Amino acid sequence: MNAVLDNLDLVVRAFSYTVLLFLIAGVLSLVFGTLLAAFRVGPVAVLSRATAVYVTTIRNTPLIIILIFFRIAGPKIGISFNFVDIQVGEIRLNNLFAACVIGLSVYTSTFVCEAIRSGVNAVPLGQAEAARAIGLPFAGVMTEVVLPQAFRATVPPLASVQIALLKNTTVAGALGVFEAFARMKSLTNDNATQRIGIFLTFAVIFVVLVELVSFAANRIERRWRIAR
Amino acid sequence: MRMFRTWKRTGAAIAGLGLVLSLAACGDAGDDTGAVDVEAEEVEEDKFEAGTAMAELAEAGEITVGVKYDQPGLGFKDASSDIPTGFDVEIAKLLVADLGIEPESDSVTWEETISDNREPYLEEGRVDLVLASYSITDERRQIVGQTGPYFLTGQQLLVAADSDIASIEDMKGEEVCSATGSTSLENVEAAGAVGAPADTYSQCAEDVLNGSVDAMSTDGSILLGLAAQNEGELKVVGEEFSEERIGVGYSLETPEMCEWINGVLTEAYDSGAWAEAFEATLGPAGAETPEPPALDECPA
């Protein structure tokens with residue numbers, strides 16, 4: 001325990017990185033995933049098929065491979081994020097951080113897409129037909145009628161996807177971001193006698209973070225609940 | 001139909017031939033440079049006192065040694081070889097041979113011990129000895145036995161060949177890559193640079209090569225190995241800014257091993273086997289053979 005308390009500033013910084021990875025990749029994956037879902041259920045056959053192939057490919061690729069692509073293969077073929085260099089106090093968001101955020105977003109957005117698609121499928125077909133009958137274009141049908149209902153049905157699976165994302169951020173610890181997992185390894189290496197205590201502390205903090213996400217999801221679910 | 005069958009048989013024959021050839025290729029692997037031939041010594045009846053760990057190991061004729069697999073020059077194993085190579089491994093061979101066990105045989109299991117595994121594996125008895133670039137620290141000595149050092153090393157920087165970076169001072173506030181959870185990474189942070197953790201040192205070298213980070217840092221000997229692998233693209237710069245004392249790890253349940261390990265090391269210092277091991281493994285990368293370091297006293 002002492003090792004954690006003595007290095008409290010480092011631990012706090014590590015979890016800040018974890019939370020930042022989660023928040024930025026979370027928002028990006030929601031936006032990008034929604035877009036993918038719209039393509040996937042949209043009326044343009046080419047777009048729908050192409051998205052299906054893309055989602056299947058990314059979703060079936062292990063996260064570490066996607067991250068390694070953006071971190072190691074990317075710079076070799078000219079995809080680098082060297083323009084990213086933001087310093088906020090002790091927190092430093094650099095090219096490595098950006099590559100990991102993009103990797104996590106790309107990976108998670110495919111799961112978001114599939115979760116939203118399941119929500120869209122849960123909206124009775126009559127709703128979309130009725131919307132079309134009153135003359136709404138596809139975009140209108142989606143944004144005004146289908147997606148609002150779909151999102152409600154999607155909150156629980158989306159929460160699961162985001163919780164998975166929070167835990168997946170630890171992979172970035174092996175790829176250049178000094179987040180919680182990397183800091184834990186440093187502390188256990190340094191304090192061989194306090195290994196179990198350090199591990200449990202980090203595990204408990206992760207449980208707390210995940211609980212916070214679940215709690216938020218529950219509140220949103222309750223707020224958006226409608227009588228059907 | 002008949003033709004198909006003939007083809008099938010020919011295919012099998014070709015596959016068989018390929019297998020024989022590849023086996024033959026494996027047989028040659030032992031002659032590679034970077035390894036010294038160490039022969040098992042004859043163990044006399046009462047060389048080791050009965051009941052000691054050494055006597056038990058010599059009796060069983062089998063030993064498990066924990067080494068690193070990913071540090072060129074110290075402990076490195078590529079996909080095609082059976083036995084890892086490097087300075088740690090050479091020192092381990094000397095210890096194994098002293099027990100009367102053939103170092104290059106199946107009687108020795110070379111278990112990979114990543115940094116996190118070293119103490120747990122010794123405590124559980126999963127490995128008998130650890131020679132895995134194992135820095136001696138007081139903290140570690142509370143839970144495992146460590147003796148030596150058989151090697152002194154310090155941290156330097158590895159940068160692109162055309163880089164202006166001259167020392168760690170130039171890297172204040174900049175990213176420096178090192179392995180996740182390693183002592184090197186902490187020394188980098190202590191020196192004022194920003195640590196960028198990576199899974200392995202070769203991944204760090206890759207990051208330096210493609211410009212994702214400007215420098216990486218760990219023990220100079222490892223950096224020399226990486227620079228040799230990427231000749232003309234990477235270079236080692238700067239003074240050593242930390243000191244690591246690399247020693248042998250053993251379990252606290254077998255404290256008698258300490259005197260034995262020190263004895264074998266002293267013998268290797270005197271006979272020149274230590275220098276020979278150094279020249280075979282770290283020499284080609286450009287390191288000069290130093291004086292053997294003084295050994296710590298064993299705890300009474």
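Two strands pair if DSSP finds at least two bridges between them. The structure shown is a predicted model.

**Exercise 1. Determine how many bridges join strand E5 of chain B to strand E12 of chain B, and describe the sheet that holds them.**

Step 1. Strand E5 (residues 129-135) and strand E12 (residues 244-250) of chain B are joined by three bridges. With at least two bridges needed, these strands therefore count as a pair.

Step 2. The two strands run antiparallel. One of the bridges links B:Val130 with B:Gly249 of E12(B).

Step 3. In chain B, the order E4-E1-E5-E12-E6 describes an open sheet of five strands, and its pairing is mixed. At its edges lie strand E4 (108-112) and strand E6 (145-153) of chain B, each pairing on one side only. On average, neighbouring strands of this sheet are turned by 25 degrees against each other, direction ignored.

**Exercise 2. Classify the packing of helix H2 of chain A with helix H3 of chain A, and name the residues in contact.**

Step 1. Helix H2 (residues 8-41) and helix H3 (residues 45-59) of chain A pack at about 130 degrees, and their axes are 7 Å apart.

Step 2. H2(A) contributes A:Phe32, A:Leu36, A:Phe39 and A:Arg40 to the contact, while H3(A) contributes A:Leu47, A:Ser48, A:Thr51, A:Ala52, A:Tyr54 and A:Val55. Sorted by class, these are seven nonpolar, two polar and one charged residues.

**Exercise 3. Classify the packing of H2(A) with helix H8 of chain A in the manner of the previous exercise.**

Step 1. H2(A) and helix H8 (residues 180-190) of chain A have axes 8 Å apart and an angle of about 150 degrees.

Step 2. An angle over 145 degrees counts as roughly antiparallel, and H2(A) is therefore roughly antiparallel to H8(A).

Step 3. On the side of H2(A), the contact involves A:Leu10, A:Val11, A:Ala14, A:Phe15 and A:Thr18; on the side of H8(A), A:Ala180, A:Arg183 and A:Leu187. Six nonpolar, one polar and one charged residues make up this contact.

**Exercise 4. State the volume of the largest cavity and describe its lining.**

Step 1. One cavity of 30 Å³ or more is counted. The volume of the largest cavity is about 80 Å³.

Step 2. Its lining includes A:Phe70, A:Arg71 and A:Pro75 from chain A, and B:Asn210, B:Gly211 and B:Ser212 from chain B. Helix H4 (63-76) and helix H5 (95-122) of chain A each supply at least two lining residues.

Step 3. By class, the lining of the largest cavity has five nonpolar, six polar and one charged residues.

How values were computed:
Residues numbered from 1 in each chain as written. Chains lettered and ligands numbered in written order. Predicted model: local features only at pLDDT ≥ 70, side-chain atom pairs only at ≥ 80, totals over all residues. Heavy atoms only, no water. Axes fitted to C-alpha atoms, helices over the stretch in contact; angles between N-to-C directions. Helix = DSSP H or I, 4+ residues; strand = E, 2+ residues; numbered from the N terminus. Contact = heavy atoms within 4.5 Å. Nonpolar A, V, L, I, M, F, W, Y, C, P; charged D, E, K, R; others polar. 1 Å grid on protein atoms, 1.4 Å probe; cavity = no way out; pocket = protein on both sides within 12 Å on 5 of 7 lines; lining within 4 Å. Points joined across faces, edges and corners; volume = space filled by probe spheres on them. Parallel < 35°, antiparallel > 145°, perpendicular 65-115°, else oblique.
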